[in-house]
Amino acid sequence: MAISKDEQKILAARSAIDALICDGKIFSGMKIGLGTGSTALPAVKRLAERIADGTLSDIKAVVTSFQTDNCCRELGIPVFTLNDSAIGGSLDLSIDGADEIDGENNLIKGGGAALLLEKIVAYNSASYAIVADESKSVATLGTKFPLPVEIIGAARVPVEKALVRLGARCVLREGVRKCGPVITDNGNWILDCLWDSPVDPRKMEEEICRIAGVVENGFFTKLRPTVFIAHSDGSVERR
Ligand code: 5RP
């Protein structure tokens with residue numbers, strides 16, 4: 001019997017934590033970055049279970065959002081920032097979800113508007129793992145899931161014009177049960193950008209960040225994450 005998308009998320013998350021413990025990528029005393037969203041949170045929960053059953057100890061977490069901070073505090077996982085001396089600006093591993101993953105493991109992230117901290121944490125980690133259900137695996141990036149671009153609100157119009165020059169159509173992300181823009185955990189706005197044909201994510205990650213007023217964008221291309229994708233038949237692909 002096929003398993004649902006929600007079941008795939010939990011399966012991918014739990015399998016990744018257990019496999020990474022077996023591989024020695026998660027170990028007692030480690031500094032770990034924890035992502036955001038409905039696939040990252042089951043990974044946080046599995047981590048807490050492995051702390052509770054005595055497999056792991058002295059785990060120090062750096063979180064990527066208000067959501068993950070709450071989850072860690074509820075589960076008793078100690079939370080630090082990258083700036084704390086116990087962390088010293090770098091992490092052993094980060095684990096997160098993704099909105100899209102191409103064949104080279106380039107990513108689009110930021111569906112939950114947490115891309116800025118997610119990228120800071122990922123790019124300061126010795127290794128990086130992504131957990132996802134099978135719907136996240138795609139051939140190319142840029143045409144289906146809109147790329148989130150975090151911007152300074154005061155620069156919306158010039159940033160949007162610059163993104164249009166790069167071929168994008170942009171929509172300001174608006175709140176639900178709140179009039180006006182979504183405000184990120186860092187006080188910024190999000191433009192969601194789509195292209196009519198696939199783009200080169202490596203080139204675009206660089207070019208978008210050169211626009212004055214852009215804080216960060218959701219292309220993650222500078223890492224080669226280990227990706228765990230759960231399928232509807234109950235298998236987990238590791239690539
Ligand atoms: C949040 C993210 C999430 O990791 C991404 O949106 C995937 O979320 P989910 O696992 O809920 O589908 O980048 O900013």
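By class, the shell around the ligand is made up of 3 nonpolar, 8 polar and 6 charged residues (Ala, Val, Leu, Ile, Met, Phe, Trp, Tyr, Cys and Pro count as nonpolar, Asp, Glu, Lys and Arg as charged, and the others, Gly among them, as polar). Bear in mind that this is a predicted model, where local features need pLDDT of at least 70 and side-chain atom pairs pLDDT 80 or more, while totals for chains, interfaces and linings use all residues. Residues are numbered from 1 along each chain as its sequence is written, and side-chain values use heavy atoms, with hydrogens and water left out.

Who comes nearest? Of the 17 residues around the ligand, that would be Ser38, Thr39, Asp99, Gly110 and Lys136 (being near takes a heavy atom within 4 Å). Here are some polar contacts, meaning pairs of N or O atoms within 3.5 Å:

| Protein atom | Ligand atom | Distance |
|---|---|---|
| Thr36, backbone N or O | oxygen | 2.9 Å |
| Ser38, polar side-chain atom | oxygen | 2.4 Å |
| Gly111, backbone N or O | oxygen | 3.4 Å |

The protein covers 91% of the 380 Å² of accessible area that the ligand has on its own (Shrake-Rupley method, 1.4 Å probe).

The ligand takes up the space of the largest pocket. On a 1 Å grid over the protein atoms alone, a pocket is an open set of points with protein on both sides within 12 Å along at least five of seven lines, a cavity is a set where a 1.4 Å probe fits but cannot get out, and lining residues have an atom within 4 Å of a point. This pocket has a volume of about 190 Å³, and among its 17 lining residues Thr36, Gly37, Asp99, Gly111 and Gly112 lie nearest its centre. Its lining divides into 4 nonpolar, 8 polar and 5 charged residues.

There's also 1 cavity of 30 Å³ or more. The lining of the largest cavity includes Gly33, Leu34, Thr64, Asp96, Glu118 and Tyr128. Strand S1 (31–34), strand S4 (91–96) and helix H4 (115–123) each give two or more residues to that lining.

Definitions and conventions
A polar contact is a pair of N or O atoms within 3.5 Å; within protein, one must be able to donate a hydrogen and the other to accept it, and residues adjacent in sequence count only if both atoms are side-chain atoms. A molecule sits in a cavity or pocket if more than half of its atoms lie within 2 Å of its grid points. Grid points are joined across faces, edges and corners, and a volume is the space filled by probe spheres set on the points. Helices (H or I, at least four residues) and strands (E, at least two) are DSSP runs, numbered from the N terminus.
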